[in-house]
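Reader: Could you take me through a protein structure? I am new to this and would like to ask as I go.

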Amino acid sequence: MSQYECNSQVTVFPMALDISYLPFAFVFTSPGPILLRLGPITIRWYGLLIASAVLIGVTLSQYLAKRRNVNPDLLSDLSIWLVIGAIPAARLYYVLFQWQEYAQRPWDIIAIWKGGIAIHGAIIGGLLVSLVFAKLKKISFWQLADLVTPSLILGQAIGRWGNFFNSEAFGKPTNLPWKLYIPPEITLLNGIKVYPRPPEFIDESFFHPTFLYESLWNFMVFALLMILFFRGLQGKLHLKTGAIFLVYLVGYSLGRFWIEALRLDSLMLGPLRIAQVISLIEIAIGIAGLWWLYIRKRPLPDAVSTPTEEKIKEMR
């Protein structure tokens, strides 16, 4: 789905009350991607949400590290690596699967503030840089993953609202009470008109707000991970190293799989929706990892062979 910048010619009313179908049904519609203009400076909702998610995530990871008696500075250092590795990987992943579109306007490849990143790309990039970080610091990758994962899913829940403001990543037409209104056309700042509705649904006005479905699902997964984390700290649950990350893989991917089926802008590889394929792989990895930990009762292969907690405490 394309990303847009609107001017004042488009008038929308977010969360307007629609009484034509149900008396208490709200219709969501974007006020536009731009939050504020200060002279030549433009502040976009998408960029603000990404920045907010990063700041909240770093703070939360440091807090969780302290609760596990891990040096929080490790998480500060890792966050820099993750920003450098995950965000460009998320953009590259998206661009590669939308290359026909970006080949016509290659200057937009770096315009990440307009939207167009893929969380699976971010996960892949984040995993790679985290493995390198763990190897260089001689600490457990899985311990780091458990501390970062709650921040990751919380950031995903927040970041999905960027799709709302960009009028993108919506689902099939619907008339449900929480339907999302997508305007038939949007005028860009340069005067060019774009049409966010797919051609086959040009006469439809309301669509599934899949951004909202995934955001709510991610908040629920976040709550589950936090419950597991603190029950483990309290000794009420035997939480093994790596388990939180594996539960995340299963929990997030289950939601992403069914929500992706509703979307109209899925990244495709032939007839396959890439996000669904990756989700199935992640579910399989998560279940296999939990089986390995709790049925086989063996630790996960790690970046280092030294004891997890002891090595991390040496870094304090």
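Author: What follows is a conversation about a predicted model.

Reader: Let us start with helix H2. How many residues has it, and what is its reach?

Author: Helix H2 runs over residues 72-97, which makes 26 residues. From its first C-alpha to its last it reaches 37 Å, close to the 38 Å expected at 1.5 Å a residue.

Reader: Where is the kink in H2 centred?

Author: The kink is centred on leucine 82 and amounts to about 30°.

Reader: And at the start of H2, which residue's side-chain oxygen reaches a backbone nitrogen?

Author: That residue is asparagine 71. Its side-chain oxygen comes to within 3.0 Å of the backbone nitrogen of aspartate 73.

Reader: A new topic, then: how many salt bridges does the count come to?

Author: The count comes to eight salt bridges. As background, side chains of opposite charge can pair when their charged atoms come close.

Reader: Which side chain does aspartate 146 meet in a salt bridge?

Author: Aspartate 146 meets the side chain of arginine 68, at 3.8 Å from N to O. This pair links distant parts of the chain, 78 residues apart: aspartate 146 belongs to helix H5, while arginine 68 sits in the loop between helix H1 (45-67) and H2.

Reader: Why does arginine 68 count as buried?

Author: Arginine 68 has a relative accessible area of 18%, and buried means under 20%, so arginine 68 qualifies. Aspartate 146 is buried too, with a relative accessible area of 0%.

Reader: What about threonine 149: buried or exposed?

Author: Threonine 149 counts as buried, at 2% relative accessibility. This residue lies in helix H5, residues 141-159.

Reader: Which residues is threonine 149 in contact with, leaving aside its neighbours within four places in sequence?

Author: Those residues are Leu225, Ile244, Phe245 and Tyr248.

Reader: Back to salt bridges. Which residues are linked in a network?

Author: The network links Arg160, Glu214, Arg256, Glu260, Arg263 and Asp265. Within it, the side chains of arginine 256 and glutamate 260 meet in a salt bridge of 2.8 Å, N to O.

Reader: Where do arginine 256 and glutamate 260 lie?

Author: Both lie in helix H8, residues 243-260, and they are four residues apart, about one turn of the helix.

Notes:
Residues are numbered from 1 along each chain as its sequence is written. This is a predicted model: local features need pLDDT of at least 70, side-chain atom pairs count only at pLDDT 80 or more; totals for chains, interfaces and linings use all residues. Side-chain values use heavy atoms; hydrogens and water are left out. Helices (H or I, at least four residues) and strands (E, at least two) are DSSP runs, numbered from the N terminus. The expected span of a helix is 1.5 Å times one less than its number of residues. The bend at a residue is the angle between axes fitted to the seven residues ending there and the seven starting there. A polar contact is a pair of N or O atoms within 3.5 Å; within protein, one must be able to donate a hydrogen and the other to accept it, and residues adjacent in sequence count only if both atoms are side-chain atoms. Buried means under 20% relative accessible area, exposed over 50%, partly exposed in between (1.4 Å probe, protein chains only). Contact means heavy atoms within 4.5 Å. A salt bridge is a side-chain nitrogen of Lys or Arg within 4 Å of a carboxyl oxygen of Asp or Glu.
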